[in-house]
Each structure stands twice: as structure tokens, then as C-alpha cells.
Amino acid sequence: MRKQIEGSAAVAQAVALARPEVICAYPISPQTHIVEALSAIVKSGDLQPCEFVNVESEFAAMSVAIGASAAGARAYTATASQGLLFMVEAVYNASGLGLPIVMTVANRAIGAPINIWNDHSDSMSQRDSGWIQLYAEDNQEAVDLHIQAFKLAETVSLPVMVCMDGFILTHAVEEVEMPDQATVDAFLPAFEPRQVLDPAEPVSIGAMVGPEAFMEVRYLAHRRQMEALEVIPAIAAEYGAVTGRVRDGLISRYRLDDAEIVVVALGSVIGTLQDTVDALREQGVLVGVLGITSFRPFPLESVRDALAGARSVVVLEKALAVGIGGIVANNVRTAVAGLAIDVRTVIAGLGGRPILGESLAEMIRGVDDLDELTFLDLRTELVERELQRNRATRRSGPTAENLLRDVGAVGDPLSVRMPR
Amino acid sequence: MFQTRFHGRGGQGVVTAAELLSVAAFRAGRHAQAFPSFGSERTGAPVVSYCRIDDRPIRSREPVVVPDALIIQDTTLLQQTDVFAGLADDGYIVINSTRDVPELGIGEMLAGRDPARVITVPATRIAMQHLGRPLPNLVLLGAFAALTGLVGLVDVQAAAGERFQGAVLEGNCAAARQAYDVVKAHVGEGVGDAMAAVSAGAPVFDRKDADA
Amino acid sequence: MHSLFGNAAAVATGVFAAMRAKGRDTRVVAQAGDGGTVDIGLGPLSGMFERNDDVLFICYDNEAYMNTGVQRSGATPPAARTATTQAVGEHPGNVFGQGKDLPRIAMAHEIPYVATATVADLRDLEAKVEKAMAIRGARYIHVLVPCPLGWGSASKDTILLARLAQQSGLFPVFEAEFGEVTAVLPIRRRVPVTEYLQPQKRYAHLFGQTPDTETIERIQAQADRNLSRYHIDEVEI
């Protein structure tokens, strides 16, 4: 059924279609609308059997999911930003134990300074946590990925993070085709755990493993992610066959065939990039977009294949590895190693800084003059004023407060959204 | 693509207004995307939301930079923030006010604009009459429908039907109709080319080039 | 299963929720040491209490982080020496405060059942576990378990010290239901706190050439207050 619906509500309905048995969550913007909607669905009795557990922290949220999953229940939680960081110890525990939990990350920046707006700093910080990470380009894909995530997680016995841009997707009202329950039921069979706490067949889960076998446990986790590179497209194809929405699962390609310049990106900015590419192609610029849907496991071969014909690659990143620059770019460089392709990193959209098509177009047109690391629409005058203060006096004060005084207001909806 | 920006204060339903317009456009068979100016929804604070309408699927996620229409819920914002920023030269403006446009003291800001595209609607007063509550959203959307012809009154009322029921729905529908009728009488068969904007396709990003 | 240091209560909630969703009546028990209970695991434990999940949580309290080499925990008693509260300086040993009294914190959640016990009276402990398992909702049992290594006492004195902790009044043994104390274990032979403290090397600095009578008196006062708070009487057997 096609609906005009808020992204969070659509995702909540999609999660409910997957019939989770335990949902646990702690509210944090911009994830709140998802768990509020799920809470209502469970409380109304529309989703049975399902336990909705209101916990006291994200650490507890993930821990409840761990206990539920180990006891054989399909478990779901959602978080963002500081919440994801607060649960990190349990995030690693869940993947280490091989528990197929599905978690939405409503992508949001990480403080300090406090910032509730979108970027990818949160989920990128967990890229090595052993979780599979899928990034949605729009709310339709967010819905579709959530349903596939349960099947994927349970097939490979690994937890899956479905990342969707906070606010930009979670709070956007747009049309979404919701699959019906019968379709999802046929696609997603009941959870058959590989390991389960069952008094009838007692096992212990969570043993300490020393140097004698720890590497092997880790290696097997890596093996399972490598297997996921095969499983993800297979599940995407199966899902596409029953819904009509056929995606590759690992990557998305847009006008790549004759592209000399390719922008690589994750998440909702891909839509803006596609519009930009269309506009630029009308002006004769041969540019395309490569979207990475599966960031973990990273599809090295698919990326290499997609970029093989390009002259210049720009990796547009909504996260910054302070001290080196790009995160995704390093993965892309690994993928194209040995090919004569320039790979540049453009950091954009940190803390909700809008990524304007106009800025992207200018960046792409000037791709050959880009430094290896560029910050899109960086307000250099703000940076310079703070650097001057730092030079002028030792006690120059807190940076964030200094910059806010220069800017004049925090979060003014118009101040950061006007064309330069 | 036709892009509308809503201005109001936190608590006035600015985000809901954009959502309702998107649902109305969806009901009218178009593609629509509504989104808030994230994170600024503090009660009383200036809040902005957006709605894009197109005949093709909408992919862009950038904020609306050059709106084709403004819906202004609260005239106290006119002096406080630059609500007209970026508005297309032939853009539409719907203002919630009991006063006429000349009485609002914004003549300078509207210089050069087609007066037929700028209207005030006593939306809060109409809402009070029909609902007994200051909920001007659907009144303004009724006026917007009449002014632009982009969505029909039935679409606006259908959108209301997805959110309200009973007396509140009836009141909203009646209030929207009243505003629609008043504005329709004022503008006749609509002004300008809002429909053309919808069909115009992807935005041109380099405005300097476009101007040249 | 073992998940993490600080999340036993939340994992237990997850198992409980799974059992409920599956319509099974498998009961859930969570266990942790004093560090995993009163310090790093307190948040999830309080959350489990507040939701009144059907979980029995048992804390084995040996009053410090013994596994890692006797560092102080929130359950370490005042003046006790640990690896991180050495018997040096103006105020040797652990800071003198009220400690983190988890049984009373549990009672403040008004959960159906809270009990304390020691390894000195296994019949009492057994009865309390049985009682706890006959009750639904969040339940908490706090068991005092002396640690010969960490306390600096002889292994053979383990049970004796647990008994002296109770008989001195320093560790009141009681039951509470929905926030109200419903039963206390009477003291057979009341002893001064010194009888409990002296055999433990972690208190050796109180009994040097010049005994630290002021500190000993303050510890005695805590014991006395426990007895009056819980109305624990000395009874002739």
C-alpha cells in the first residue's frame, strides 16, 4: 500500500511487519518517533506476541536485546548519536556473541559540542564493531532494508544496523510503498536461532576465550561478514522479486556507465547528488553517483567494478576521522588500489550543515582542483576568527561559545540554509 | 517542482502544516516531500518547515533555498526574521492576519511583487469560528489551494481526514472551505503558473548561469 | 549466559521478555558481585526493579573488587584497607561514609521482595531463595560472602566472620516486602565490632600500638544504629 507517511512511522510499521518479539529502547532524538510509534503498535495489541521494554539507558537497551536474542526471541532496538556511544560495550558484545539483533541508527552527530542534527559520526564510530551496517538512501529503502535486515541477521547470525539519516529521513513525510503482512511473512520465516538459552537443552553462552582460540572466533566473525557479501544481494533479489523493488543490496549505481567523475556517498545525500548529476550532465559533465548501501561488510569488488572506468572519484563523507580525514575514502582507496584513479575526500554536512546541490555542482565542476581533503561549505571566516583569538591570548575561552557569539544564534533555521 | 516554506512559531503546528500539504498533494496524485527545519521546534521560537511538490519522484534532500510560496502563520515574524529570504520573484505569499497586506507595513519587502500573489487570510479567526481553537493550518491550506490551484480543496480536506475526525475534522473542513471560497472569489481561476512550476523539472543549481 | 560486567539485570530482563513473548514460564535468575551490583550495574539493576520484571537478582558481596586484586567498590565498608584505599595518610583505609546500602536502595523501589543473608546460615539463605522463587516480580537477595584474600583473614574463619558480621550488627539480616521490613534474623550472641574487625588484616591499621578508638567507635555506632533501625534483638537460644 502506497502511503504519504513520516519516515519514522514507516520504519516502525516495517519493523512491526517483521514481527519482533522483544523491542527495547531508550528515547533519543531523532530516533524517538520510531520507538514512540512502535510502543503504540505494541500497546494497542496490533503486534502480538511482542514485549516492549522501556529501559533506563541505551546500555540497558542493547543488553535487553542481547538477553532476548540469546533466549531465542527476534529482538529490535533503535538509537542515535550519544545513545549509540553509551551502548558501545554491549554493541560489541552482541556481535561477538553472534546475536542477530536489528537496530536502527537514526544518524546524528556526536558532541561535544552538543548537536542533535544529522551526520554519520555515530554509526561510523561503530564500523569495526562487527555489526553489518546498511545505509538507506530514502524512506522507501529504509523500510525495505529493515525487513531485509532481520532475514540477513538471522541468516548469517550477526547483528545488523540499519542507518538512516536523522531528521532528513526520520522526520521527512514522503511516499512509501508498505509491503503487506502476508508478503513479509512469506519472505521472513520465524527466527531459528543458532544458539539459544533453553532449559531443555542447556548451554552456556558468553564463555571467556583466551589466546588459544580468540583469534579464531574473530576470524569466523569476519568470515560471516564475507559470507554476507553473497547473502545481501541474494536477499535483496528475493525481496525485489516479491515487492518489485529490485536493488543490488551492496551498492547503488547512478549514471556510472560513461562517468569520468564519480561521487561516492552513503545515505540520503545520494538523492541530492542524483539531481545534481542530472543538472551537470545537461551541461556536458560526465558524472555519476555510487551509493554504498552495505558499508559493513564493505563490498570491495563491487566498488572496484563500479569505479573502474572513472578518472576521478570524490568520496563525500558525513563523518570526519579527526587527524586523517575520510573514513569511507580509505575503504574506497582499498577498493581501487592499483587503478589509475584519483580519490579525493570531501567532508560535508557535519552536524546538520545542509548539503546544497549548488555546492555539490561547484565542487564537482572543480574536481581537478580539489585538495585531497576538502570541507564543503566550510565557513572559513569563522575558523579564522577563532584562530586569531587563539593566537592573541592564551585564555581565549571555549571554542564553541566563541563561534556562537560570532554567528549570533544557534540553530537559526534560515541562517545556515541560504545560498552562499 | 513547486517548493513551499512555512513560517510560524513552535507550537503553532508549522511542521504539521507542511505535512498536511504534502498529504494533500499526494492525494492529488502528485509526489510530495515535507520536512521540518530540524531541531528548532521550541515553543514560541521561530520555526520553519518545507514542502516540495512535483510530478516526478522527489530525490533532493537539500533545504528549500528558493521557495515558490510562503505560508506565514504569525505576523510577528515579519519584523523578526527575514521570512521573504530567497522567495522566487513570482512567488506566492499567504499570511495569517486579520489585516490587509498594505496594513501590515511590509510594502518595502514586497516591492516589485505582483500584488495578486500576496494575500492575507484571517485564518486564526476563521479557525476560532469553526473549531473554537486557534488552529489555522487547514484554513491557510484552503487559501493556498485557491491561490495556487496546486491542490484542490478536496485534497486539503482529505489530508485533514487523515489526521482528524469527528467535529474537529468537520470544523477544519468547513474552515478550509471558507478560506478557499474567499480567496477563490478574490483570484478567480488562480494566478500565475504554479502548475507549470511543478512540471518544470529538476532545479538548476547554478543560479548565475540561469540568470545569464 | 554471561554478557558484560554491568548489564546482568538488563540481560535478565531481555531473557524474561523473550520468555513472556514466547508464552513460557521459564524463570530468570541474575547474579553479580558487589561491583557489578552496586557500582557499574546499578543503573540496569534499578531499571529492572522499577519495571518490576520477574527476575531474581542475587548479589554476592565480598566488599571489594577481589578478582582484579582487591580494589575498593561502592560496597567496601568504611576504614577498610584495599589496594586503592591504602592504610596510609591522615585517614587510612576507605573513606568513612555510609556506603552504598543496596538492600535499602532496592527497598526504595518497593519491589515485592528484598532479603539479606550470609554464608554463615545456609538454611536461612536457602529458605529465602525458595521464598523469592515463590514470588513474581523483581526480587533481590544480598548475600555477604567474606573473602579471605581480600579481607586478610584465615580461610577457616570465613564462616565465622560472616556470622560475626551479623552478630555485631554491621550486616543486618532481614527480609522486606514492598519496601517494608517484614522479618529480621535475631542475634544469638551480640558481639562488639572489634571482635569482627580484629581478625581481618584490612582493619589492622585500627589496632596498632595506639588503637584508633575514634574510628572503632564510629564503626560501633553504625552497628548500633543498624540494630535499632531494623529492631534486631538479642535472643537467648
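A salt bridge here is a side-chain nitrogen of Lys or Arg within 4 Å of a carboxyl oxygen of Asp or Glu. By that rule, three salt bridges link chain B and chain A. One of them joins A:Asp275 to B:Arg59, whose closest N and O atoms are 2.9 Å apart.

Before going on, a word on conventions. This is a predicted model, in which local features need pLDDT of at least 70 and side-chain atom pairs count only at pLDDT 80 or more, while totals for chains, interfaces and linings use all residues. Residues are numbered from 1 along each chain as its sequence is written, chains are lettered from A and ligands numbered from 1 in the order in which they are written, and side-chain values use heavy atoms, with hydrogens and water left out.

Let us stay with chains A and B. Of the two pairs of chains that touch, A and B have the most contacts (heavy atoms within 4.5 Å). Chain B brings 33 residues to this contact and chain A brings 39 residues. Together they bury about 3,100 Å², with carbon and sulfur atoms giving 58%; buried area is the accessible area (1.4 Å probe) that two parts lose on being put together, summed over both. The interface of chain B and chain A also has ten residue pairs in polar contact, both residues at pLDDT 80 or more. A polar contact is a pair of N or O atoms within 3.5 Å; within protein, one must be able to donate a hydrogen and the other to accept it, and residues adjacent in sequence count only if both atoms are side-chain atoms.

Which elements of chain B supply at least two residues each to the side that touches chain A? They are strand 1 (2-9), helix 1 (14-27), strand 2 (31-36) and strand 3 (46-54) of chain B. Helices (H or I, at least four residues) and strands (E, at least two) are DSSP runs, numbered from the N terminus. Strand 2 of chain B gives the most, with six residues. Sorted by class, this side of chain B has 15 nonpolar, eight polar and ten charged residues. Ala, Val, Leu, Ile, Met, Phe, Trp, Tyr, Cys and Pro count as nonpolar, Asp, Glu, Lys and Arg as charged, and the others, Gly among them, as polar.

Strand 2 of chain B also pairs with chain A. Its partner is strand 8 (residues 173-177) of chain A, in the antiparallel sense over two bridges; two strands pair if DSSP finds at least two bridges between them. Within this pairing, A:Glu174 has B:Gln33 as its bridge partner. The two strands belong to an open sheet of eight strands with mixed pairing, in the order 1(A)-8(A)-2(B)-3(B)-1(B)-4(B)-5(B)-6(B). Strand 1 (2-6) of chain A and strand 6 (118-121) of chain B stand at the edges with a single partner strand each, so one side of each has no neighbour in the sheet. Neighbouring strands are turned by 25° against each other on average, direction ignored. Inside chain B, strand 1 and strand 4 (residues 69-72) pair in the parallel sense over four bridges, and B:Arg5 has B:Leu70 as its bridge partner.

Now for chain C. Chain B and chain C do not touch, their nearest C-alpha atoms being 29 Å apart. Chain C instead places 22 residues in contact with 27 residues of chain A. These two chains bury about 2,000 Å² between them, 65% of it on carbon and sulfur atoms. C:Met1, C:Leu4 and C:Ala21 supply 29% of the area that chain C buries there, more than any other three residues. Three salt bridges are counted between chain C and chain A, including one between C:Arg51 and A:Glu56 (3.1 Å, N to O). Helix 1 (8-21) and helix 3 (42-51) of chain C are the elements that give two or more residues to the side of chain C that touches chain A. Helix 1 of chain C has the largest share, ten residues.

Chain C has a sheet of its own, open, with six strands in the order 1-2-4-3-5-6 and mixed pairing. Its edge strands are strand 1 (28-33) and strand 6 (180-184) of chain C, each pairing on one side only. Strand 1 and strand 2 (residues 55-61) of chain C pair in the parallel sense over six bridges, with C:Val29 opposite C:Leu56. Helix 1 of chain C lies across both of these strands, running at about 170° to strand 1 of chain C. Axes are lines fitted to C-alpha atoms, for helices over the stretch in contact, and angles run from 0 to 180 degrees between N-to-C directions.
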